[in-house]
Amino acid sequence: MTEVAVTDCNLNSVCQHLEERCCVEDQPARRTSSTGAKLWGRVRNRLLRQKLDPQAVQSKNWHVDVIEMSGIKVEFSMKFTSRDLSLKRTPSKKQSGVFGVKISVVTKRERSKVPYIVRQCIEEVEKRGIDEVGIYRISGVATDIQALKAAFDTNTKDILVMLSDMDINAIAGTLKLYFRELPEPLLTDRLYPAFMEGISLSDPAAKENCMMHLLRSLPDPNLITFLTLLEHLKRVAEKEPVNKMSLHNLATVFGPTLLRPSEAESNKPHVTLASDIWSHDVMAQVQVLLYYLQHSPISFAELKRNTLYFSTDV
């Protein structure tokens, strides 16, 4: 029996985990691959479409489900955990580290435009992980990620050796963890409502003006880091035939991490049904990053030159 806690941001990871379990458990019985694929399809559809009643969602009990096909039975239980509880950002108590510390503090301390951890992780992924199937989607080993986190936090001299020896998925996971643990998302709490409104505009010219204006409104460390990550993800997507990571896949992985509602926004009344896991907000977060990924190269210098013609009030 497989037990999974489903949050509104880890559903793809849940599906991947169950897929691996289905494949592993299917092999000893020597079933055809088509049977395993069909069974997995049913499990995945059930997970994605499952509608729990409000009482079940609010309770701490697991919801049990069973799917059976051709003599193979998959039994799993799940419960919904609000993203407010699962991914709440908490500032680091030790301002000497990099995880949980404001990006402006880190760049000022390092005297750099982009945090060292971001530059090094990107460099390593592009050096030996850009052809890795599922890069950024497949999770690294948690202990490896924690080891890298501790190394970056303590600024150990062995960090480059560790990076060269570490599994590439752990390095990708460390980069995601860094952005997830920022006390404020990279695209900032203040601009979150404006990003949500901008991406919903139907007129292409109005959307372009709004989305570029929002980038100009970001603090310089946030903007430069975002543009650096953006170009990196585009280079990763160029290898999609090999690594199977399209722009949309990458936007799905990074969007909800780079752009999340503030605590005040999250505390507004909302319906927390399991069917709302892929809520309008989450899809919009993905679409915001996808918009920039699909956009022609964005120059920091060009954005700043155009700042003279726009108000910075949003």
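Where is the place of N155? In this predicted model, for which local features need a pLDDT of at least 70, side-chain atom pairs count only at pLDDT 80 or more, and totals for chains, interfaces and linings use all residues, N155 lies in the loop between α7 (142-154) and α8 (159-165). Residues are numbered from 1 along each chain as its sequence is written, and side-chain values use heavy atoms, with hydrogens and water left out. Helices (H or I, at least four residues) and strands (E, at least two) are DSSP runs, numbered from the N terminus.

N155 is exposed, with a relative accessible area of 61%; here, buried means under 20% relative accessible area, exposed over 50%, and partly exposed in between, with a 1.4 Å probe and protein chains only. The phi of N155 is near 55°, a positive value in a residue other than glycine. Most residues other than glycine have a negative phi. A positive phi, of about 65°, is also found for K244, which is not a glycine, and K244 belongs to the loop between α13 (240-243) and α14 (247-258).

The protein contains 17 helices and three strands, and buried residues make up 47% of its 314 residues. Of the contacts (heavy atoms within 4.5 Å) with a separation of 6 or more, 76% are accounted for by residues 24 or more positions apart. In soluble globular proteins, nonpolar side chains tend to be buried together.

Seven aromatic pairs are held by the structure; rings of Phe, Tyr and Trp (its six-membered ring) pair if their centres lie within 6.5 Å, and planes under 30 degrees apart count as stacked, over 60 as edge-to-face and the rest as tilted. The rings of F226 and Y292 have centres 5.6 Å apart and planes at 80°, so this pair is edge-to-face. The pair links distant parts of the chain, with F226 in helix α12 (residues 220-237) and Y292 in helix α16 (residues 280-294), 66 residues apart. Both F226 and Y292 are buried, and the relative accessibility of Y292 is 0%. The rings of Y291 and Y292 likewise have centres 5.6 Å apart and planes at 80°, so they too form an edge-to-face pair. Y291 is buried, at a relative accessible area of 17%. One aromatic cluster is formed by F195, F226, Y291 and Y292.

Two packed helices are described by the angle between their axes and the distance between the axes. Axes are lines fitted to C-alpha atoms, for helices over the stretch in contact, and angles run from 0 to 180 degrees between N-to-C directions; angles under 35 degrees count as roughly parallel, over 145 as roughly antiparallel, 65 to 115 as roughly perpendicular and the rest as oblique. Helix α11 (residues 204-216) packs with α16 at an angle of about 95°, with the axes 12 Å apart, which makes α11 roughly perpendicular to α16. The contact is made by K207, E208, M211, M212, L214 and L215 of α11 together with V288, Y291 and Y292 of α16. By class, the contact of α11 with α16 has seven nonpolar, no polar and two charged residues, where Ala, Val, Leu, Ile, Met, Phe, Trp, Tyr, Cys and Pro count as nonpolar, Asp, Glu, Lys and Arg as charged, and the others, Gly among them, as polar.

The axes of α6 and α12 come within 11 Å and cross at roughly 10°, which makes α6 roughly parallel to α12. In this contact, V118, I122, V125 and E126 of α6 meet T225, T228, L229, H232 and R235 of α12, and the classes are four nonpolar, three polar and two charged residues. Helix α6 (residues 116-128) also holds K127, which is exposed, with a relative accessible area of 56%. K127 and S164 are 37 residues apart in sequence and 9.8 Å apart in space, C-alpha to C-alpha.

In helix α7 is found I145, which is buried, with a relative accessible area of 11%. Not counting residues up to four places away in sequence, I145 touches G140, A170, G173, T174 and L177.
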